[in-house]
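Opening the notebook on this one.

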Amino acid sequence: MDRHEIEGHEVVEKTVKPTGNGAHVYLPKSWVGATIKVVRASELDADSDE
């Protein structure tokens, strides 16, 4: 696993859910308009598409 250092104000941990041809994560409504960064923290399954 790589190590990434990110400065920020708040962290949430969520599970990505499939939707259409992609995937999504719901975040707090108060974050609308904010700049965010997403880091995958677990290995991908061998049968999943990236």
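**Pockets and valines**

I started with the largest pocket: 29 residues line it, and Val-12, Lys-37, Val-38, Val-39 and Arg-40 lie nearest its centre. For my notes, a pocket is an open set of points on a 1 Å grid over the protein atoms alone, where a 1.4 Å probe fits, with protein on both sides within 12 Å along at least five of seven lines; lining residues have an atom within 4 Å of a point. This is a predicted model, where local features need pLDDT of at least 70 and side-chain atom pairs count only at pLDDT 80 or more, while totals for chains, interfaces and linings use all residues. Residues are numbered from 1 along each chain as its sequence is written, and side-chain values use heavy atoms, without hydrogens and water.

I got a volume of about 1300 Å³ for the largest pocket, that is, the space filled by probe spheres set on the points, which are joined across faces, edges and corners. Its lining has 13 nonpolar, seven polar and nine charged residues.

Next I checked the second largest pocket, at about 250 Å³. Val-39 and Arg-40 are in its lining too, with Met-1, Asp-2, His-4, Ala-41, Ser-42 and Glu-43.

Conventions. Nonpolar A, V, L, I, M, F, W, Y, C, P; charged D, E, K, R; others polar.
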